[in-house]
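Visitor: I would like to learn how to read a few local features in a protein model. Could you walk me through some?

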Amino acid sequence: PENAKVMLNISCLKPQKDVSTYLQVVRAVVNSHPEAIFLIAGDGDLRKELEEEAHALGINDSIRFLGWRRDIPELLALSDILVLTSLWEGLPQSFGQAMAAGLPIVATRVDGAAEAVVHGVNGLLFESKDVQGLSMGICKLLGNEPLLELMGESAKERFERFSTQTTISTLDEFYRPFVEA
């Protein structure tokens, strides 16, 4: 629906991504924001189990399992928040994509997450499996449109640190002394 707020999770459906926590977050958020829609772009061995869990949680009307997608930029454009519930990560590619699209990020504070997300600036970070924290973070943004927009703008600004051009320039500066020696 046009008035729906859309949360996007881009994940391979495997244990590392802890999509089960995402499903619990969906249930908690839709209790106070029934218009919210949650998407999962990705597929994997756990899909059938996760679809059954979504059914058992009673959230089928609020969640869409989209499978593997080649239109991530389009999905980001129609989304309001990127949500990632991983148990471990390096630096998730979806963070850079979300920041480029101007989306705030609500995620677990794992490995490289804090490199991209500054808590309270361009997103919100919580401990792994913190369903209450993740849910409250999403609800905070959904209930405060100016904050949602401000964090989205901050995400765009922060993206420059992670752009391909910036990465290439940084690596070039780092390795140049070794090449010239």
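Guide: We will look at aromatic rings, a surface patch and some backbone angles. This is a predicted model, in which local features need pLDDT of at least 70 and side-chain atom pairs count only at pLDDT 80 or more, while totals for chains, interfaces and linings use all residues. Residues are numbered from 1 along each chain as its sequence is written, and side-chain values use heavy atoms, with hydrogens and water left out.

Visitor: How many aromatic pairs does a search of the whole structure find?

Guide: First the general idea: rings of Phe, Tyr and Trp (its six-membered ring) pair if their centres lie within 6.5 Å; planes under 30 degrees apart count as stacked, over 60 as edge-to-face and the rest as tilted. Here the search finds 4 such pairs. One of them joins Phe-174 and Phe-178, a tilted pair with 5.8 Å centre to centre and 55° between the planes.

Visitor: Where do Phe-174 and Phe-178 lie?

Guide: Helices (H or I, at least four residues) and strands (E, at least two) are DSSP runs, numbered from the N terminus. Both residues are in helix H8 (residues 164–180), 4 residues apart, about one turn of the helix. Phe-178 also forms a tilted pair with Tyr-175, at 6.5 Å centre to centre and 55° between the planes. Tyr-175 and Phe-178 are 3 residues apart in helix H8, again about one helical turn. Together, Phe-174, Tyr-175 and Phe-178 make one aromatic cluster.

Visitor: Is Phe-178 buried or exposed?

Guide: Buried means under 20% relative accessible area, exposed over 50%, partly exposed in between (1.4 Å probe, protein chains only). Phe-178 has 58%, so it counts as exposed. Phe-174, at 48%, is partly exposed, and so is Tyr-175, at 46%.

Visitor: Which residues form a nonpolar patch on the surface?

Guide: Like charges are joined within 9 Å, nonpolar side chains (Val, Leu, Ile, Met, Phe, Trp, Tyr) within 5 Å. Here Leu-171, Phe-174, Tyr-175, Phe-178 and Val-179 form the patch, with about 580 Å² of accessible area together. Such areas come from the Shrake-Rupley method with a 1.4 Å probe; for residues, only the protein chains shown count as cover.

Visitor: What is the phi of Asp-111?

Guide: Phi of Asp-111 is near 30°, a positive value in a residue other than glycine. Asp-111 sits in the loop between strand S5 (105–108) and helix H5 (113–116).

How values were computed
Patches are made of residues with over 30% relative accessible area and no salt bridge: like charges are joined within 9 Å, nonpolar side chains (Val, Leu, Ile, Met, Phe, Trp, Tyr) within 5 Å. A salt bridge is a side-chain nitrogen of Lys or Arg within 4 Å of a carboxyl oxygen of Asp or Glu.
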